[in-house]
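Dear colleague,

I am handing over the structure below, followed by some notes on what was found in it. Please keep it open beside you while you read.

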Amino acid sequence: MKIFLLPIALAMLLIQSASYAMHHASEGASSGGAYVSVDAGAAFVTGGSDPFFGRAGVGYSQGMFSVEAAYFESANAWSGSIWAYSRGGDFSLILRPFTHSVLKHLYVRAGGHYSRLSAGGTGYVTTNWKGVGWLAGTGFDVPINDHVSIHAGYSHYGAIGGLKSANTDALMGGFRLKF
């Protein structure tokens with residue numbers, strides 16, 4: 001019985017948060033509008049080096065919801081004499097479920113991506129895979145003023161290049177500039 005109470009409590013909290021955000025959005029409690037975002041960090045690759053991972057995007061936020069489109073790219077990850085890197089575009093929906101609590105700067109992200117995975121090495125032919133995948137993540141942002149915020153987050157990119165076994169975990173930090 002106790003196991004079923006936790007999902008019900010979380011659902012009630014999210015519904016209450018959405019209701020509060022929609023009610024107070026017209027009072028200026030949450031700022032919205034277009035923004036640009038730049039992130040940099042490290043991608044964690046199984047069996048190889050951990051390369052630089054960068055992401056630049058544009059988005060629009062309103063209340064507790066945002067949509068964002070971005071370009072991402074990694075530096076070469078090395079495993080012995082073999083290298084690989086990825087790049088592509090992603091689209092994500094962002095939810096800030098706790099608009100009126102101490103956790104109001106926490107966000108969760110879910111979406112998809114179209115990416116290319118390239119691999120090669122000394123004595124190997126370079127190979128490219130292209131395809132769609134998914135992404136999920138979470139993060140925390142801190143406003144500096146009405147137009148600038150800094151943030152740190154984690155994103156998991158599943159099926160890089162359309163390959164089910166090619167996944168990337170990225171820890172990034174960056175800034176967001178609102179218009």
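H151 is found in strand 8 (residues 148–158), where strands are DSSP runs of E with at least two residues, numbered from the N terminus. With a relative accessibility of 8%, H151 counts as buried, a word that stands for under 20% relative accessible area, while exposed means over 50% and partly exposed lies in between (1.4 Å probe, protein chains only). The model is a predicted one, in which local features need pLDDT of at least 70 and side-chain atom pairs count only at pLDDT 80 or more, whereas totals for chains, interfaces and linings use all residues. Residues are numbered from 1 along each chain as its sequence is written, and side-chain values use heavy atoms, with hydrogens and water left out.

The side chain of H151 is joined to that of D39 by a polar contact of 2.4 Å; such a contact is a pair of N or O atoms within 3.5 Å, of which, within protein, one must be able to donate a hydrogen and the other to accept it, and residues adjacent in sequence count only if both atoms are side-chain atoms. Leaving aside residues up to four places away in sequence, H151 also touches others, including S37, V38, F140 and R176, where contact means heavy atoms within 4.5 Å.

V38 belongs to strand 1 and is partly exposed, at a relative accessible area of 37%. Strand 1 (residues 33–44) runs antiparallel to strand 2 (residues 52–62), and 10 bridges join them; two strands pair if DSSP finds at least two bridges between them. Y35 stands opposite G59 in strand 2, while S37 has R176 in strand 9 as its bridge partner.

Best wishes

Definitions and conventions: Helices (H or I, at least four residues) and strands (E, at least two) are DSSP runs, numbered from the N terminus.
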